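Reader: Hi! Could you walk me through this one, starting with how its strands are arranged?
Author: Happy to.

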Amino acid sequence: MGIKEQVQFVRESLKDYPNVKIVAATKYMSVNQTKELIEAGITRLGENRTDLFLEKYEALKDNPNIEWHFFGTLQTRKIKDVVNKIQYLHSLDRISLAIELEKRLEKPLDCFIQVNISEEPNKQGIPVNKVKTFVKQLESFSKIRVVGLMCIAKLTFDEDILRKSFQKMKKLQEEVVAMNIPNAPCTELSMGMSNDYKIAVECGATVVRLGRIFLV
């Protein structure tokens with residue numbers, strides 16, 4: 001199947017979740033393939049490497065309908081190249097990054113706090129038990145808006161493990177909402193990728209990040 005057919009397949013699989021937003025992870029896609037996605041109706045695009053993001057941003061900057069998301073670790077020296085070109089950052093995970101964002105941003109940025117929900121030592125993200133403290137630390141940052149939490153689940157086919165991780169994320173999100181912090185509404189949950197997005201939406205995901213599934 002081509003990209004257009006895969007987009008239709010994904011939309012059909014999410015028909016019971018009409019409010020879930022699909023963000024295309026274009027890491028493995030050429031500019032032309034990305035254009036095919038846009039033509040098929042996917043206009044939320046995400047990258048996890050600065051160089052790939054800038055390449056696609058330049059190639060597609062004349063399209064006013066694109067909503068840009070950045071997933072990856074944002075190095076301090078690259079922040080200025082990216083942050084004023086994106087609408088969402090999915091990988092806020094340290095106070096030093098927040099400080100640099102506050103310096104560089106021309107206007108407030110919608111951010112997801114990245115949570116290491118699987119507690120794997122090689123994974124990026126804040127430990128579950130430190131998320132609420134981090135949100136509290138961000139309260140004084142006028143240019144950072146915590147719209148939600150993000151996670152990358154453990155790479156496994158064990159649906160029970162995946163479901164427990166996503167349920168834990170949903171509970172954590174509700175706890176952050178209950179903190180009633182003005183710049184942290186935390187109404188969104190960015191979780192679920194090509195291999196596990198169906199389980200993620202069952203557990204409350206509002207944003208899924210899909211890439212490989214469009215290239216099947």
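Author: One definition to begin with: two strands pair if DSSP finds at least two bridges between them. Helices (H or I, at least four residues) and strands (E, at least two) are DSSP runs, numbered from the N terminus. This is a predicted model, in which local features need pLDDT of at least 70 and side-chain atom pairs count only at pLDDT 80 or more, while totals for chains, interfaces and linings use all residues. Residues are numbered from 1 along each chain as its sequence is written, and side-chain values use heavy atoms, with hydrogens and water left out.

Reader: Thanks! How many bridges join β1 to β2?
Author: There are 2 bridges between β1 (residues 21–25) and β2 (residues 44–47), and the strands run parallel. A24 has L45 of β2 as its bridge partner.

Reader: And which helix makes a β-α-β unit with β1 and β2?
Author: Helix α2 (residues 31–39), and the unit is right-handed. A crossover is called that if, with the strands pointing away from the viewer, the path from the first strand over the helix to the second runs clockwise.

Reader: Nice. Over how many bridges do β2 and β3 pair?
Author: Over 4, again with parallel strands, β3 being residues 67–70. Here E47 is partnered with F70 of β3.

Reader: Switching topic: how many salt bridges does the structure hold?
Author: It holds 17, counting a side-chain nitrogen of Lys or Arg within 4 Å of a carboxyl oxygen of Asp or Glu.

Reader: You mentioned E47. Which residue forms a salt bridge with E47?
Author: That is K56, with the closest N and O atoms 2.9 Å apart.

Reader: Are E47 and K56 buried or exposed?
Author: Both are buried. Buried means under 20% relative accessible area, exposed over 50%, and partly exposed in between (1.4 Å probe, protein chains only).

Reader: What about E188, which residue does its side chain meet in a salt bridge?
Author: E188 meets K21, at 3.2 Å from N to O. E188 lies in strand β7 (residues 188–190) and K21 in β1, so the pair ties together parts that are 167 residues apart in sequence. E188 is buried at 17% relative accessible area, whereas K21 is partly exposed at 23%.

Reader: Which residues are linked in a network of salt bridges?
Author: E100, K103 and R104 are linked that way.
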